[in-house]
Amino acid sequence: MVRLFARAVLAVALAAACLLLPSAEVRRGTPRMDHETTEQLTAVAKTLVQLRSQALVQTRDRERTGLPAEILGVRISPGVADGHARAVRELESRNRAPVEGGPAYTGAKTTLNGARAVRDGDVVTLEAVEHTVVRYDSGKVRQDVRRRFEFKDIDGRLTLIGERVLDPGAHPVNDPVRAAR
């Protein structure tokens, strides 16, 4: 009976000690965001890079589509919106082509894959691989680049505050020449 009581006391003590210790997940790194939030942030980030990719394609009837102030409930900071507008203007006016003087781009599509979002305090970081395919008369160019998008919780709502390329030396076709790294 005494042994049974001692085992019960030991089990309770061990359970209490486990409650006091931080979980292994917390000790290993920053907590990952849930699937729905990751998908939401990925859609916001994809909108940003897809609009820049579309700016590469020459069209006479293009209606300039600015970056909305909010996408799927996520706000876009004024600094990101201004930088995006400058990038689109530069990409539209530069008439990029796969080679200098070559044929102009006729189509562009950008997707984000392998997205992973983690929260660290009030900042959520989304990292993904951007796959961009731009077409021209006789072919296409494909480019894969890792990007990081930063969102901040401001007044209880996530706001896109910045983005950057993670691959050293990469020059994404849908980034302006003067893009800050």
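Biologist: Is Val-80 buried or exposed, and how do I read that?

Modeller: This is a predicted model, and every value here is computed from it. Relative accessible area under 20% counts as buried. Val-80 has 11% relative accessibility, so the residue is classed as buried. Val-80 lies in helix α4, which covers residues 78-94.

Biologist: Which residues is Val-80 in contact with, leaving aside neighbours within four places in sequence?

Modeller: Val-80 is in contact with Leu-48, Leu-67, Leu-160, Ile-161 and Gly-162. For a distance across the sequence, take Val-80 and Thr-159: they are 79 residues apart in the chain, and their C-alpha atoms are 9.9 Å apart in space.

Biologist: What share of the contacts in the chain, at a separation of 6 or more, joins residues 24 or more positions apart?

Modeller: That share is 62%. As for burial, 35% of the 181 residues count as buried. The accessible surface of the chain is about 11,300 Å², and carbon and sulfur atoms hold 54% of that area.

Biologist: How many helices and strands does the chain have?

Modeller: The chain has 4 helices and 6 strands. Read from the N terminus, the order is α-α-α-β-β-α-β-β-β-β.

Biologist: How do I read a helix, with α3 as the case?

Modeller: The general idea is that an α-helix has 3.6 residues a turn, so residues three or four places apart point the same way. In this model, α3 has 21 residues and spans 30 Å from its first C-alpha to its last, close to the 30 Å expected at 1.5 Å a residue. At the start of α3, a side-chain oxygen of Asp-34 comes within 3.1 Å of the backbone nitrogen of Glu-36.

Biologist: How many bridges join strand β3 to strand β4?

Modeller: First the general idea: in a regular strand the side chains alternate between the two faces of the sheet. Here, β3 (residues 105-120) and β4 (residues 123-136) run antiparallel and are joined by 13 bridges. Leu-112 stands opposite Glu-130, which belongs to β4. The hairpin of β3 and β4 has 2 residues between the strands, and Gly-121 takes a positive phi near 70° there.

Biologist: How many salt bridges does the count come to?

Modeller: To be counted, a side-chain nitrogen of Lys or Arg must lie within 4 Å of a carboxyl oxygen of Asp or Glu. The count comes to 9 salt bridges. One of them joins Arg-52 and Glu-163, with the closest N and O atoms 2.8 Å apart. This pair links distant parts of the chain, 111 residues apart: Arg-52 sits in helix α3 (residues 35-55) and Glu-163 in strand β6 (residues 157-165).

Biologist: Which residues are linked with Arg-52 in a network of salt bridges?

Modeller: The network links Arg-52, Glu-130, Arg-147, Glu-163 and Asp-175. Arg-147 is in strand β5 and has a relative accessible area of 0%, so the residue counts as buried. Asp-175 is in the segment after β6 and is also buried, with a relative accessible area of 4%. The side chains of Arg-147 and Glu-163 make a polar contact of 3.0 Å. Arg-147 also makes a polar contact of 2.9 Å with the side chain of Asp-175. The side chain of Asp-175 is in turn joined to that of Arg-52 by a polar contact of 2.9 Å.

Biologist: Where is Arg-157, and which distant residue is its partner?

Modeller: Arg-157 forms a salt bridge with Glu-70, the closest N and O atoms being 2.3 Å apart. Arg-157 is in strand β6 and Glu-70 in strand β1 (residues 70-71), with 87 residues separating them. Arg-157 is partly exposed at 29% relative accessible area, and Glu-70 is partly exposed at 42%.

Biologist: Which side chain meets that of Arg-146 in a salt bridge?

Modeller: The partner is Asp-167, with an N to O distance of 2.7 Å. Arg-146 is in strand β5 (residues 139-154), while Asp-167 is in the segment after β6, 21 residues apart. Arg-146 is partly exposed, with a relative accessible area of 38%.

Definitions and conventions. Residues numbered from 1 in each chain as written. Predicted model: local features only at pLDDT ≥ 70, side-chain atom pairs only at ≥ 80, totals over all residues. Heavy atoms only, no water. Buried < 20%, exposed > 50% of the residue type's maximum accessible area, 1.4 Å probe, protein only. Contact = heavy atoms within 4.5 Å. Areas by Shrake-Rupley, 256 points an atom, 1.4 Å probe, with all protein chains shown as cover. Expected span 1.5 Å × (residues − 1). Polar contact = N/O pair within 3.5 Å; in protein donor to acceptor, adjacent residues only side chain to side chain. Pairing = 2+ DSSP bridges.
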